[in-house]
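Open the model in your viewer and keep the selection panel at hand.

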Amino acid sequence: MTTARYRRIVLKLSGEALSGEQGYGIEPKIIQSVADQVKEVAELGVEVAVVVGGGNIWRGKVGSEMGMDRANADYMGMLATVMNSLALQDSLENFGIPTRVQTSIEMRQVAEPYIRRKAIRHLEKKRVVIFAAGTGNPYFSTDTTAALRAAEVEADVILMAKNNVDGVYTADPKTDKNAEKYEELSYLQILNEGLAVMDSTASSLCMDNDIPLLVFSIMEEGNIKKAVLGEKIGTIIRGK
């Protein structure tokens, strides 16, 4: 039997990863592919939590640039993550995977409120837990949510699935043909070199709590399973 390297993971999906080539909304084939890959991992006995962004529907930063109040724009972004989370829940349950959505903003008609002990109990019962609505506070990204929830549920790793890149590079590989891919990095390097992996709050939180981060591409089928099995893909970030 195949043995997973990690016991409990937090999978971080950007909203854009769910939109496919269209760049907005939810692409059914993409979300079904993600659900199928999560199923593969869950069947290995791995406890899976997911944090989904909302950039395919709304980005708080864009609203702020339009002149909106930043807090209101961020709250709209949190609601967008709930829509993505419910869509992912539906896809997972169509594959027979028991799932719970927990939101940081209370909306009992559609999801449970986030309760740490309850989330851990769901994970122990092999239910996939999807954390929606960010941290429940404006000015914090879903990257920070992933780092915070990973620390709270004592996850072994954060798997950051990207739709446009297969790891961390010295520069944007789309615009710089000389960009080189890192195989391993430290959080201090990310912070000191200003590498666009996750925001500084999230990076600091991961570093302080010694949570490794693996950045990889979601576009290749089976990559989530490869990451969980410890195969060499993407870029691993850890320590100081």
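A contact means heavy atoms within 4.5 Å. In the protein chain, 72% of the contacts with a separation of 6 or more join residues 24 or more positions apart.

This is a predicted model; local features need pLDDT of at least 70 and side-chain atom pairs pLDDT 80 or more, while totals for chains, interfaces and linings use all residues. Residues are numbered from 1 along each chain as its sequence is written, and side-chain values use heavy atoms, without hydrogens and water.

**Whole chain.** Select all C-alpha atoms. Their trace spans about 55 × 50 × 35 Å along the principal axes. Now colour by secondary structure: there are eight helices and eleven strands (DSSP runs, numbered from the N terminus; helices are H or I, at least four residues, strands E, at least two).

**Largest pocket.** Select E16, R59, S141, D143 and K162, which lie nearest its centre among 47 lining residues. A pocket is an open set of 1 Å grid points where a 1.4 Å probe fits, with protein on both sides within 12 Å along at least five of seven lines; lining residues have an atom within 4 Å of a point. The volume, the space filled by probe spheres set on the points, is about 1,200 Å³. Next, show α3 (70-94). Helix α3 gives the largest share of this lining, five residues.

**Second largest pocket.** Which residues lie nearest the centre of the second largest pocket? Select E183, E231, K232, I233 and I236. This pocket holds about 260 Å³. Finish on strand β11, residues 235-238, which gives the most to its lining, with three residues.
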